[in-house]
Amino acid sequence: CKGVNGLDKVVLREAKGSSAEVYLYGGQVTSWKNDQGEELLFVSSKAIFKPPKAIRGGIPICFPQFSNNGPLEQHGFARNRFWSIDTDPPPFPTNTSNKAFVDLILKPSEEDLKIWPHSYEFRLRVTLGPGGDLMLTSRIRNTNNDGKPFSFTFAYHTYFSVSDISEVRVEGLETLDYLDNLQEKQRFTEQGDAITFESEVDKIYLGTPTKIAILDHEKKRTFVLRKDGLPDAVVWNPWDKKAKAMADFGDDEYKHMLCVEAAAIEKPITLKPGEEWKGRLELSTVPSSYCSGQ
Ligand code: BG6
């Protein structure tokens, strides 16, 4: 059906009432609601649903370059391309019975080949499980016929909706090494406790565990993020000053969002022709009391 500005979107619904929305523009999930109808992802009230600007919120896909660390535009171009529905995807190993899902595909246009001269097929499956869990599986295949490998970096740039950033903590990243984008990408080691927020944060945690939890104390809700093929995790909150500098982000909205991004950044993925890479993200929620101390 049609979303903002007439852009095409796919709505996934599950029997108990949870739902998700995926825009073909960006191949981007822009909504994930639980069976109470509560929105779990953050999308800015100022988001611009219009090319070439990427939609500010939900789950933009950063490919083939994370950040501005390379020749391409910030976070690559997948987030501001029009994806297609993949009507004939090759078989996925995952069981989809009982699940609502959509398959999307992105291939380079002639123009894209001029800025990144590699032929690829990027297949994205978005699945809503019976318990309302949201799964994103990316499969990227090198279809170059010139024998050349290519390398890329990647992130699921997930914007979680939180009640109050100062009441949020992230578990699973303590004691890890990280690159601090606010300090010229220098490498540091996190000391001790769970991560909490009282100012701007922009860090790339390296070699992270497959499970990360975001505890929202006020909402008594914990997001559980499970990932596969994605060793790194970016944690980003722009805080007040950067928020004001972004045209598509409300001045106070930083209080109600947190990006925790399952990613492959430090060691780029290299694919030879014919090779395929897979990166999976699974999001679920549990009541906080259940998760605390785990
Ligand atoms: C994060 C980066 O992933 O995305 C930040 O670590 C960046 O440095 C942020 O500011 C937002 O990027 P953009 O291009 O969507 O404004």
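1. Two strands are said to pair if DSSP finds at least two bridges between them. Helices (H or I, at least four residues) and strands (E, at least two) are themselves DSSP runs, numbered from the N terminus. In this structure, eight strands form an open sheet with antiparallel pairing, in the order E5-E6-E7-E8-E19-E16-E15-E11. The edge positions are held by E5 and by strand E11 (168–171), each with a single partner strand, so one side of each is left without a neighbour in the sheet.

2. A remark on the basis of this note. The model is predicted: local features need pLDDT of at least 70 and side-chain atom pairs count only at pLDDT 80 or more, whereas totals for chains, interfaces and linings use all residues. Residues are numbered from 1 along each chain as its sequence is written.

3. Overall form. The protein chain contains three helices and 19 strands. Its radius of gyration is 18 Å, close to the 19 Å that the globule rule gives for 294 residues, so the chain is as compact as a globular protein of that length. Here the radius of gyration is taken over C-alpha atoms, and the globule rule is 2.2 Å times the number of residues to the power 0.38. Along its principal axes, the C-alpha trace spans about 50 × 45 × 35 Å.

4. Burial and contacts. A residue is buried if 20 or more other C-beta atoms lie within 10 Å of its own, exposed if 12 or fewer, and partly exposed in between, with C-beta atoms placed from the backbone. Of the 294 residues in the protein chain, 39% are buried. Two residues are in contact if their C-beta atoms, placed from the backbone, lie within 7 Å. Among contacts between residues at least 6 apart in sequence, 66% join residues at least 24 apart.

5. The nonpolar core. In soluble globular proteins, nonpolar side chains tend to be buried together. A nonpolar core is defined as a set of buried Ala, Val, Leu, Ile, Met, Phe, Trp, Tyr and Cys residues joined through C-beta atoms within 7 Å. The largest such core has 72 residues, and those with the most contacts inside it are Phe160, Val260 and Ala263. Strand E18 (residues 257–271) supplies the largest share of this core, eight residues. Apart from its neighbours within four places in sequence, phenylalanine 160 is in contact with Leu41, Phe42, Ile214, Phe223, Met257, Leu258 and Val260.

6. Strand pairing in detail. Strand E7 (residues 120–128) and strand E8 (residues 134–142) run antiparallel and are joined by nine bridges; glutamate 121 has arginine 141 in E8 as its bridge partner. Strand E17 (residues 232–237) is mostly covered, with five of its six residues buried. Five antiparallel bridges link E17 to strand E14 (residues 201–205), and aspartate 202 stands opposite tryptophan 236 in E17. E17 is also joined to E18 by five bridges, again in the antiparallel sense, and alanine 233 has alanine 262 in E18 as its bridge partner.

7. The ligand. Which residues surround the ligand? They are Ser67, Gln74, His75, His157, Asn181, Asp202, Val234, Trp236 and Glu261, where a residue is near a molecule if its C-beta atom, placed from the backbone, lies within 6 Å of it. By class, this shell has two nonpolar, five polar and two charged residues. Ala, Val, Leu, Ile, Met, Phe, Trp, Tyr, Cys and Pro count as nonpolar, Asp, Glu, Lys and Arg as charged, and the others, Gly among them, as polar.

8. Backbone details to inspect. Most residues other than glycine have a negative phi, and most peptide bonds are trans. The bond from proline 51 to proline 52 is cis, with omega near 5°, and proline 52 is in the loop between strand E3 (28–33) and strand E4 (61–62). The bond from phenylalanine 63 to proline 64 is also cis, with omega near 0°. Asparagine 5 has a positive phi, near 55°, and is exposed, with 10 other C-beta atoms within 10 Å. Lysine 220 has a positive phi of about 55° and is exposed, with 12 other C-beta atoms within 10 Å.

9. Tyrosine 25. Apart from its neighbours within four places in sequence, tyrosine 25 is in contact with Leu7, Pro51 and Phe82.
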